[in-house]
Amino acid sequence: MASVVAASFSKFGKREEDVFTIAGESASPLVEKYGEEIDFVIVSNAYSGEYNGVSGLNNLLTTYLGMDRVPSMRVDNTSGSGGSAMLAARALVESGEARNVLVIGVEKMTGYPTKKSTAIIASLLPPEERAAGVSLPSLAAFMAKSYLKEFNPSRESLAMVAVKNHHNGSLNPYAHFQADVSLEKVMESRIIADPLRIYEYCPVSDGAVSVLVTSDSEAHSYSSKPARITGTGNASGTSSVTARESFTSVDSVKDASRVAFSKAGIKPDDVDLAELHDMASVLEIVESEDVGFFRKGEGWRALETGETALNGELPINASGGLNSKGHPIGASGVAQTAEIYLQLTGNAGRRQVKNHNIGFSLNMAGFGNNSTAIVYEVS
Amino acid sequence: MDFVKCQECGREYLFSRVRCSSCGSMDLKKGEIFSARILERIHLIATPDTFPDEYDVAFVRTENGMNVFCRLENTLEPGTIVTLQRNASGITCVGT
């Protein structure tokens with residue numbers, strides 16, 4: 001079995017530095033401490049070609065880190081890159097191909113006009129949707145409209161995802177946004193794709209995060225409290241959103257989660273905290289249902305009761321999530337793992353949750369074209 | 001507007017593909033669709049480069065039951081019958 005034994009963040013947000021400097025900021029502490037032991041590097045990154053004019057980022061980055069002879073590869077699965085990178089790291093360790101894998105998630109996205117950035121990200125959509133002028137925010141808007149019609153939640157319950165996650169982000173020194181936002185402010189903010197407003201979407205961010213993955217047999221020589229990866233699931237659904245049965249459910253989320261829980265031998269109810277892929281507010285709610293934490297159509301109630309708040313029974317996105325921590329695309333899935341590691345080891349500072357034995361992360365590619373679910377446990 | 005139809009299971013796609021996602025058949029042939037009904041629409045500000053700064057996107061069902069997104073050239077309400085067009089500005093819908 002593989003374990004996460006160390007994690008290191010760069011600050012997320014609008015950064016002046018280049019992609020190498022940002023990646024180095026997160027990786028350097030781990031390279032300095034474990035450099036001689038690392039025998040594989042995985043770089044999770046989706047858009048270095050489009051945003052930075054850089055290809056072969058993994059090779060350039062290992063040279064930048066002074067690890068020229070360490071084997072490496074880049075994993076690109078759009079916004080699901082980080083989850084896929086963790087799957088690859090686990091497979092390398094468990095197969096014996098590598099002993100200690102450094103996973104670096106990084107993206108440098110700011111500095112482009114918003115429309116250009118929206119087009120780069122929309123390039124993951126199937127041609128029939130791109131040709132209709134669809135962007136990722138518009139798919140979330142269709143999901144929100146359908147959810148509101150089908151399940152009749154209060155409109156405010158969707159906005160409360162942003163309130164909760166901005167609060168959590170305000171306690172996370174690495175988060176893009178460092179301030180609370182009121183429900184009124186969310187509800188009065190600019191509409192981006194009707195009915196969703198700007199505070200309900202993740203920002204375009206720069207950032208990097210690194211984790212060290214090693215085998216169970218070696219884990220205790222690196223950390224007194226390793227986070228074991230006890231279950232993983234990866235699943236795909238059709239890329240074409242119009243071909244799906246419903247706007248209010250994502251098959252790949254359901255399938256990946258079911259497999260991960262089955263491998264870990266636990267139920268959704270056993271999870272103490274979760275990081276979900278809240279690219280838009282409504283996605284956190286829909287995913288919380290598809291993962292199995294709540295019954296379909298009832299995930300929104302947890303926002304009103306506080307069940308998913310930092311001090312609730314099942315804190316979701318204690319890190320601030322994509323919504324507040326930010327969404328440097330290639331880094332996001334790795335950042336979920338890093339956050340769970342910090343929480344499970346009791347090192348999450350002011351955002352530390354009370355129960356922290358079993359963690360769960362759900363990283364989604366595109367608009368659910370693919371998902372990776374991971375269960376982590378400490379003993 | 002043209003589309004492709006699986007000759008085995010009848011599933012339809014707006015863009016050609018090698019193999020039917022539903023049944024695996026590789027026997028896909030071209031057809032033509034004209035009208036659709038708007039099921040839902042949203043107003044979009046976060047638009048991609050090369051498209052206008054804001055517009056409505058509609059989720060429509062074609063006369064033969066295929067679900068499609070299209071960009072509306074003017075504001076139309078759900079239930080409206082529209083004509084689907086594919087041209088240099090992409091896939092659009094106009095009121096009939």
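**The interface and its surroundings**

Across the interface of chain B and chain A, four salt bridges are found, a salt bridge being a side-chain nitrogen of Lys or Arg within 4 Å of a carboxyl oxygen of Asp or Glu. Before I continue, please note that this is a predicted model, in which local features need pLDDT of at least 70 and side-chain atom pairs count only at pLDDT 80 or more, while totals for chains, interfaces and linings use all residues. Residues are numbered from 1 along each chain as its sequence is written, chains are lettered from A and ligands numbered from 1 in the order in which they are written, and side-chain values use heavy atoms, with hydrogens and water left out.

One salt bridge joins the side chains of Lys145(A) and Glu40(B), at 3.6 Å from N to O. Another pairs the side chains of Lys115(A) and Asp53(B), with N and O 3.3 Å apart. Lys115(A) belongs to helix α5 (residues 114-122) of chain A and Asp53(B) to the loop between β4 and β5 of chain B, so this pair joins two chains. Helices here are DSSP runs of H or I with at least four residues, and strands are runs of E with at least two, numbered from the N terminus. Over all chains, a search of the whole structure gives 26 salt bridges.

How much area is buried between chain B and chain A? The figure is about 2300 Å², and carbon and sulfur atoms give 64% of it. Buried area is the accessible area (1.4 Å probe) that two parts lose on being put together, summed over both. On the side of chain B, Glu40(B), Ile42(B) and Phe69(B) lose the most area to chain A, together 27% of what that side buries. Each chain contributes 29 residues to the contact, where contact means heavy atoms within 4.5 Å.

Between the two chains there are also 15 residue pairs in polar contact, both residues at pLDDT 80 or more. A polar contact is a pair of N or O atoms within 3.5 Å; within protein, one must be able to donate a hydrogen and the other to accept it, and residues adjacent in sequence count only if both atoms are side-chain atoms. Which strands of chain B supply at least two residues each to the side that touches chain A? They are β4 (35-44), β5 (55-62), β6 (67-72) and β8 (90-95). That side of chain B divides into 17 nonpolar, five polar and seven charged residues. Here Ala, Val, Leu, Ile, Met, Phe, Trp, Tyr, Cys and Pro count as nonpolar, Asp, Glu, Lys and Arg as charged, and the others, Gly among them, as polar.

Chain B itself has zero helices and eight strands. Its C-alpha atoms fill a box of roughly 40 × 30 × 20 Å along the principal axes. Within strand β8 of chain B lies Val94(B). Leaving aside residues up to four places away in sequence, Val94(B) touches Glu73(B), Leu76(B), Val82(B), Thr83(B) and Gln85(B).

**Helix packing in chain A**

In chain A, helix α4 (residues 81-95) packs against helix α15 (residues 329-344) at an angle of about 60 degrees, with axes 5 Å apart. Axes are lines fitted to C-alpha atoms, for helices over the stretch in contact, and angles run from 0 to 180 degrees between N-to-C directions. That angle makes α4(A) oblique to α15(A); angles under 35 degrees count as roughly parallel, over 145 as roughly antiparallel, 65 to 115 as roughly perpendicular and the rest as oblique. Ser81(A), Gly82(A), Gly83(A) and Met86(A) of α4(A) meet Gly330(A), Gly333(A), Val334(A) and Thr337(A) of α15(A).

**Backbone details**

Most residues other than glycine have a negative phi, and most peptide bonds are trans. Thr78(A), however, has a positive phi, near 45 degrees, and is found in the loop between β3 (72-75) and α4 of chain A. The peptide bond from Asp194(A) to Pro195(A) is cis, with omega near 15 degrees.
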